[in-house]
Amino acid sequence: MSAIDIAVLLCVGLIAGGLGGLLGIGGSIIMIPAMAVLLKWDFHLAQAIAMTVNPVVALFATLKHHRNKNVSWQTTKYVLPIATVTICFAAWLSNRIQSGWLELSFGIFLLWVLWNQVSSLRGKATTIHANTSQTPIRYATTGGITGTMAGLLGIGGGLIQVPLLNRLCGLKMKQAIGTSSSIMFITAICGATVKVFSLPSATNSAGELAGLQAIDALTHSFWLIPGAIIGAWFGAILTNIMPVRVIRIIFAILVAFASYKMIAGGSVILT
């Protein structure tokens, strides 16, 4: 890697970590587009690197959220098992999907997340009362959807897990963010392990082996981690200070930008 690549990774790690701690996500929404667009790296490789860094972001964010009493450990206990199983299977499956389709799917998925956040800002979204919403079926649904999407798209899972914990399981927004980080710490480790070590089987947009190796993801992720650690810690602090509405606005702007980049990039690759 060149010095410029290293500098880009250090900056991306800081931004991704800060937003991860602030919003309860792994930071992949920043890391994957940055590596795919700015550094022109293969999408599978970008996913693997981001998934390797996600546990670090989640760990430091969880510690801070726990101190701020924003983690529902009961919810974590029930959501975690199914989320772990599904993220491992989906991460393995993703390496057998052409990279262009994954990039396009990533962008389309973010459009849904954007719609979700805009609906919340306009006051149209409703949260089910916690006393009646925290059931095994809702926990399993949250874990299953989150794990599957996280493994396929290379994200930490917070992009979809935070809204599900908020809407489906009845957690308040800040508690949903903190709980998402605690779940993500374990699921991200498992998903990253499967994704990284099955990279040699990853296919490019032509359906051919991309020639990627696990060591590539591990060495590149090294330069993202320092900034991610610092950013996640301060991001978690800001969650307890910033109004929920401001957090949602930041989330929506971020998702809109990433969605545009991924859809445009995926469409070009597949044509």
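A: Buried means under 20% relative accessible area, exposed over 50%, and partly exposed in between (1.4 Å probe, protein chains only). This is a predicted model with residues numbered from 1 along each chain as its sequence is written, where local features need pLDDT of at least 70, side-chain atom pairs count only at pLDDT 80 or more, and totals for chains, interfaces and linings use all residues. Side-chain values use heavy atoms, and hydrogens and water are left out.

Q: Which residues of H8 are buried?

A: Helices are DSSP runs of H or I with at least four residues, numbered from the N terminus. In H8 the buried residues are Gly158, Leu159, Ile160, Gln161, Val162, Pro163, Leu164, Leu165, Asn166 and Arg167. Helix H8 covers residues 158–167, and ten of its ten residues are buried, so the helix is largely enclosed by the rest of the structure.

Q: Is Thr146 buried or exposed?

A: Thr146, also in helix H7, counts as buried because its relative accessibility is 4%. Outside the four places on either side in sequence, the contacts of Thr146 are Gly157, Ile160, Gln161 and Leu164.

Q: How many residues does the largest nonpolar core have?

A: A nonpolar core is a set of buried Ala, Val, Leu, Ile, Met, Phe, Trp, Tyr and Cys residues joined through side-chain atoms within 4.5 Å. The largest one here has 64 residues, and Ile29, Met35 and Leu159 have the most contacts inside it. Helix H3 (residues 43–67) contributes the largest share of this core, eight residues. Beyond its neighbours within four places in sequence, Met35 is in contact with Leu9, Lys40, Trp41, Ala46, Ile49, Ala50 and Leu224.

Q: Which residues line the largest pocket?

A: On a 1 Å grid over the protein atoms alone, a pocket is an open set of points where a 1.4 Å probe fits, with protein on both sides within 12 Å along at least five of seven lines; lining residues have an atom within 4 Å of a point. The lining of the largest pocket consists of Val12, Ile15, Ile29, Ile30, Pro33, Ala34, Val37, Leu38, Leu254, Phe257, Ala258 and Lys261. Helices H1 (3–23), H2 (28–38) and H12 (244–270) each supply at least two of the lining residues, and H2 gives the most, with six.

Q: What is the volume of the largest pocket?

A: A volume is the space filled by probe spheres set on the grid points, which are joined across faces, edges and corners. For the largest pocket this comes to about 170 Å³.

Q: What phi does Lys40 have?

A: Most residues other than glycine have a negative phi. Lys40 is not a glycine, yet its phi is positive, about 60 degrees. Lys40 is in the loop between H2 and H3 and is exposed, with a relative accessible area of 66%.

Q: Where does Lys69 lie?

A: Lys69 is in the loop between H3 and helix H4 (73–94). Its phi is also positive, near 60 degrees, and Lys69 is exposed, with a relative accessible area of 73%.

Methods:
Contact = heavy atoms within 4.5 Å.
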